Amino acid sequence: MLYNESIIALIRESEELKSQGRNDEAIKLLQSILVTEPNCLEAYEELGDNYLSSHQPEKAQKALKQALKINPRSSNAHYLMGFLLSMKEDWRHSVEELTKADEISPNHPEILRCLGWAVYNSNRRTQGISLLERSRNLSPFDPNILCDLGVCYMNSMQHEEAENVFKKALQIDPRSEQARECLAVLEAMKTGLDMAGGLDESSQHSA
């Protein structure tokens with residue numbers, strides 16, 4: 001849908017505010033857009049994203065549902081909805097939304113990252129790791145992808161692979177607290193396993 005230049009400028013301004021962490025200001029700006037353009041898809045998508053960032057999931061879900069009413073084939077709205085459902089640990093519906101996003105916009109590393117995480121947590125571990133590996137191949141220097149992949153390897157008791165991935169994330173971003181914390185957890189797990197003499201095969205399978 002085409003909008004006039006003033007609406008486009010306001011959407012860009014809201015994106016800049018969001019990037020600065022000024023979500024409340026971005027939300028007010030987007031709400032002002034919807035007063036004059038009540039069917040502005042991008043405004044509802046951005047509104048949903050800002051509500052997610054400011055930990056208001058119910059408002060985010062409402063905005064994203066409206067975005068999908070306007071355009072049921074919005075890959076961004078499906079992605080954000082899938083991300084929201086993943087936060088709620090509603091893995092089945094998260095996978096459904098993220099699969100739709102992937103079908104509309106295939107080979108998008110961020111969509112594949114979230115889809116892989118949701119698939120893994122819905123007890124399809126091999127497939128989830130495979131999707132995260134695809135995401136890494138598409139965007140090999142993204143610390144978020146690497147950390148998610150490493151956590152999945154760690155939870156699958158593939159400690160060497162997890163360690164390599166976490167260390168790679170720290171090479172890319174030495175300030176990554178997430179990667180540092182994950183490495184610490186991995187070391188604690190390995191120490192515990194060494195002290196206990198390891199886990200038997202059935203325990204590894206269910207981990």
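V35 counts as exposed, at 69% relative accessibility, where exposed means over 50% relative accessible area, buried under 20% and partly exposed in between, with a 1.4 Å probe and protein chains only. This residue is found in helix α2, helices (H or I, at least four residues) and strands (E, at least two) being DSSP runs numbered from the N terminus. V35 and L52 stand 17 residues apart in sequence, and their C-alpha atoms are 21 Å apart in space. The model is a predicted one, in which local features need pLDDT of at least 70 and side-chain atom pairs count only at pLDDT 80 or more, whereas totals for chains, interfaces and linings use all residues. Residues are numbered from 1 along each chain as its sequence is written, and side-chain values use heavy atoms, with hydrogens and water left out.

The chain holds 12 helices and zero strands. Its C-alpha atoms fill a box of roughly 65 × 35 × 30 Å along the principal axes, and buried residues account for 43% of its 207 residues. Of the contacts (heavy atoms within 4.5 Å) between residues at least 6 apart in sequence, 46% join residues at least 24 apart.

The axes of helix α2 (residues 23–36) and helix α3 (residues 41–53) come within 9 Å and cross at roughly 155°; axes are lines fitted to C-alpha atoms, for helices over the stretch in contact, and angles run from 0 to 180 degrees between N-to-C directions. The two helices α2 and α3 are therefore roughly antiparallel, a class for angles over 145 degrees, with those under 35 counted as roughly parallel, 65 to 115 as roughly perpendicular and the rest as oblique. The crossing of α2 and α3 is left-handed, in that the near helix is turned anticlockwise from the far one by less than a right angle, clockwise being right-handed. In this contact, N23, A26, I27, L30, Q31, I33 and L34 of α2 meet A43, Y44, E46, L47, N50, Y51 and S53 of α3. By class, the residues of the contact of α2 with α3 are nine nonpolar, four polar and one charged, where Ala, Val, Leu, Ile, Met, Phe, Trp, Tyr, Cys and Pro count as nonpolar, Asp, Glu, Lys and Arg as charged, and the others, Gly among them, as polar.

Helix α3 also packs with helix α4 (residues 57–70), at an angle of about 160° and with the axes 8 Å apart. That angle makes α3 roughly antiparallel to α4, and the crossing of α3 with α4 is left-handed. The residues in contact include Y44, L47 and Y51 of α3 and A60, A63 and L64 of α4, and the contact of α3 with α4 has 10 nonpolar, two polar and two charged residues.

Rings of Phe, Tyr and Trp (its six-membered ring) pair if their centres lie within 6.5 Å, planes under 30 degrees apart being stacked, over 60 edge-to-face and the rest tilted. By this rule there is one aromatic pair. Y79 and F83 form this tilted pair, at 6.4 Å centre to centre and 50° between the planes. Both lie in helix α5 (residues 75–87), where, being four residues apart, they are separated by about one helical turn. Y79 is buried, with a relative accessible area of 14%, whereas F83 is partly exposed at 29%.

Two loop residues complete the description. E89, in the loop between α5 and α6 (91–104), has a positive phi of about 60° although it is not a glycine, and E89 is exposed at 57%. N107, in the loop between α6 and α7 (109–121), has a positive phi of about 65° although it is not a glycine, and N107 is partly exposed at 46%.
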